[in-house]
Amino acid sequence: MKCQAEECFCTDFSRTFCKNYREDAKPKSKGLKRTDFKKKYKPTGEMDLFKHLWESRKHRCYVTGRELEFSPSICFHILGKGAFPAYRLNPSNIIFVNAEYHTDWHTIGREKLLQKDKRWEYVFKLYGILKIAYYSEGL
């Protein structure tokens, strides 16, 4: 076996030492698609609404009735922001619940929430009322 170059009589089968042998360069990969970390933050107005509601309402958990410290994680959208975008900034759609209960809402099913605390029933009733109101407005 010899090199593909004309007038080359090398017997280097692996072609590592032949000066005439060249492989076609592989095209460079474009790399991984990465998200832009410097993406501009688009304010929604939620934080201003949360602060306004905090000033105008009692600082108590809607489910347990315990006193709360202000944090965005205690501000709870009854109707989800993705499924019901028009109610994202609706004050009647936002209640205060402790952070643990807020997480439970997103991770545990209805039956388990009611087993954990029967007072969740008030939130489920409010959910039904708000959902009917949302669709009756044609949003």
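1. A nonpolar core is a set of buried Ala, Val, Leu, Ile, Met, Phe, Trp, Tyr and Cys residues joined through side-chain atoms within 4.5 Å. Buried here means under 20% relative accessible area with a 1.4 Å probe, counting protein chains only. In this protein the largest such core has 28 residues, and Phe76 and Trp120 have the most contacts inside it. The elements giving it two or more residues are α1 (46-56), β1, β2 (94-96), α2 (99-107), α3 (110-116) and α4 (120-136). The top contributor is α4, with six residues.

2. Keep in mind that this is a predicted model: local features need pLDDT of at least 70, side-chain atom pairs count only at pLDDT 80 or more, and totals for chains, interfaces and linings use all residues. Numbering starts from 1 along each chain as its sequence is written, and side-chain values use heavy atoms, with hydrogens and water left out.

3. On the overall layout, you'll find four helices and two strands, in the order α-β-β-α-α-α along the sequence. These are DSSP runs (helices: H or I, at least four residues; strands: E, at least two), numbered from the N terminus. Of the 139 residues, 31% are buried.

4. Now look at Phe76. Setting aside neighbours within four places in sequence, its contacts (heavy atoms within 4.5 Å) include Trp105, Trp120 and Val123.

5. What about histidine 77? His77 sits in strand β1 (residues 75-77) and is buried, at 8% relative accessible area. Not counting residues up to four places away, His77 touches Glu46, Phe50, Tyr87, Arg88, Asn93 and Ile94. Its side chain also reaches the backbone oxygen of arginine 88 at 3.0 Å.

Technical notes
Buried means under 20% relative accessible area, exposed over 50%, partly exposed in between (1.4 Å probe, protein chains only). A polar contact is a pair of N or O atoms within 3.5 Å; within protein, one must be able to donate a hydrogen and the other to accept it, and residues adjacent in sequence count only if both atoms are side-chain atoms.
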